[in-house]
Amino acid sequence: MASRSLVSVFSLFSSVLATPRSPRDFLALLDPVHSSRQLRGIVTKVSRPVPGTATISFRTGPGWKSHEAGQWARIGVDVNGVRQWRSYSLSAAAGEDPEITVTDIGKVSGALVRNTEPGDVLFLDRPEGDFTLPEHPRPLLMLTAGSGITPVMSMVRTLVPRRPDADVVLIHSTRTSESSPFREELDELAQQFPGLRVHHHTTADEGRLDLTGPHAMDTLCPDWRDRAAYACGPTGFLDDTEDLWKRESSSGAAGLKIERFQADLAGGVAGAGGLAVFENSDIEVEAAGDLPLLEVAENAGVEAPSGCRMGICHSCLIPLRSGQVTDLRTGEVYGDPGELIQTCVSAAAGPVSLAL
């Protein structure tokens, strides 16, 4: 066994010495985050603060741009031999090594939560998003539910310990106190820094946080109408928040920033799919009429560009070679040869061919 290992090492270095290489290629042999082909990170710590959730910290390689508080990044992981990309909010404070806090929902998130260990390599894209802190100091209100706390946690960690004039009210709704991964840290920060006030709302004990009218907000944060507000959470929670601000806030919807993790994709028809041909990859697969073509491609092992996965960032635009698609947000069927389509919110409306 030892002799075989020595032969393997000798063969590796022989191939390296016999092939023209850049300095970064040699660094990649010693440290996997150094790569000239793909931005990478190496996992430095994994904690599981509550069941079904993991906080994954990682060190990045050259090319990573330090994130702003509240931004997200695409993370690539290999699942059953296929590289899958998902977007995750970065929960670490700005300027620190990044981390993501992931809940075990879905194939990729589940693999990250259950299988990630220190030393693992993550594939990365640069941070994006405009759900960020205001340029000038002002009183802030953060409204979050469930995993919507993740980008706001980055904001709190960035602002509160560093700014003595910080004035932040955080209202976080979660099912139970045990299911909130940051509860203990938030309480400690609130005790240490008077500029942070935290209200925990547990739906198992108190029912759903009622944002259909102003009463709850008037009770929890009497000056909520005059604060710059941020909201992140499930669709229904955000819809109620947006409607409330439009009706009641002194600045209307303009005073509210919303970060949505999911788009409302209700416009597809399950029986209206067809054969999807990914021409550049020479792969054909049956595609359901209510499944985004981005997911069809990823499930088939086709590497497809993506970003927000909600139809906002347009990172997934791909030329349609033939056929038509359904916009899953509206139900509209459209498409001409050569037209760019958003694969994250478009499903096959019959046979389609894509430049992927």
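Let me start with a term: buried means under 20% relative accessible area, exposed means over 50%, and partly exposed lies in between, with a 1.4 Å probe and protein chains only. By that cut-off, buried residues make up 47% of the 356 residues in the protein chain.

Some ground rules. This is a predicted model, where local features need pLDDT of at least 70 and side-chain atom pairs count only at pLDDT 80 or more, while totals for chains, interfaces and linings use all residues. Residues are numbered from 1 along each chain as its sequence is written, and side-chain values use heavy atoms, with hydrogens and water left out.

Now the overall picture. The protein chain has 9 helices and 19 strands. Those are DSSP runs, numbered from the N terminus: H or I of at least four residues for helices, E of at least two for strands. Next, contacts, meaning heavy atoms within 4.5 Å. Take the contacts between residues at least 6 apart in sequence: 65% of them join residues at least 24 apart.

On to the sheets. Two strands pair if DSSP finds at least two bridges between them. For angles, axes are lines fitted to C-alpha atoms, for helices over the stretch in contact, and angles run from 0 to 180 degrees between N-to-C directions.

Look at β3, residues 72–79. R74 has S87 in β4 as its bridge partner. The hairpin of β3 and β4 has 2 residues between the strands, and N80 there takes a positive phi near 55°. On to β6, residues 121–124: 2 bridges join this strand to β3, again antiparallel. G76 stands opposite F123 in β6.

What does helix α3 pack against? In α3, residues 107–115, the buried residues are V108, S109, G110, A111, L112 and V113. They pack against β2 (53–60), β3, β4, β5 and β6.

There is also an open sheet of 3 strands, in the order β16-β15-β18, with antiparallel pairing. Its edge strands are β16 (333–334) and β18 (346–348), each pairing on one side only. Between β15, residues 325–327, and β16 there are 2 bridges. V325 has Y334 as its bridge partner in β16.

Next, a helix pair. The axes of α4, residues 149–159, and α5, residues 183–192, come within 12 Å and cross at roughly 30°. So α4 and α5 are roughly parallel to each other; the cut-offs are under 35 degrees for roughly parallel, over 145 for roughly antiparallel, 65 to 115 for roughly perpendicular, and oblique for the rest. The crossing is left-handed, meaning the near helix is turned anticlockwise from the far one by less than a right angle, while clockwise would be right-handed. I149, M153, V156 and R157 in α4 meet E185, L186 and L189 in α5.

Last, cysteines. A disulfide is a covalent bond between the sulfur atoms of two cysteines. Here it is called when two cysteine sulfur atoms lie within 2.5 Å. How many disulfides does a search of the whole structure find? The count is 0. The sulfur of C344 has its closest cysteine sulfur in C316, 3.7 Å away, too far for a bond. C344 counts as buried, at 5% relative accessibility. C221 is buried too, with a relative accessible area of 1%.
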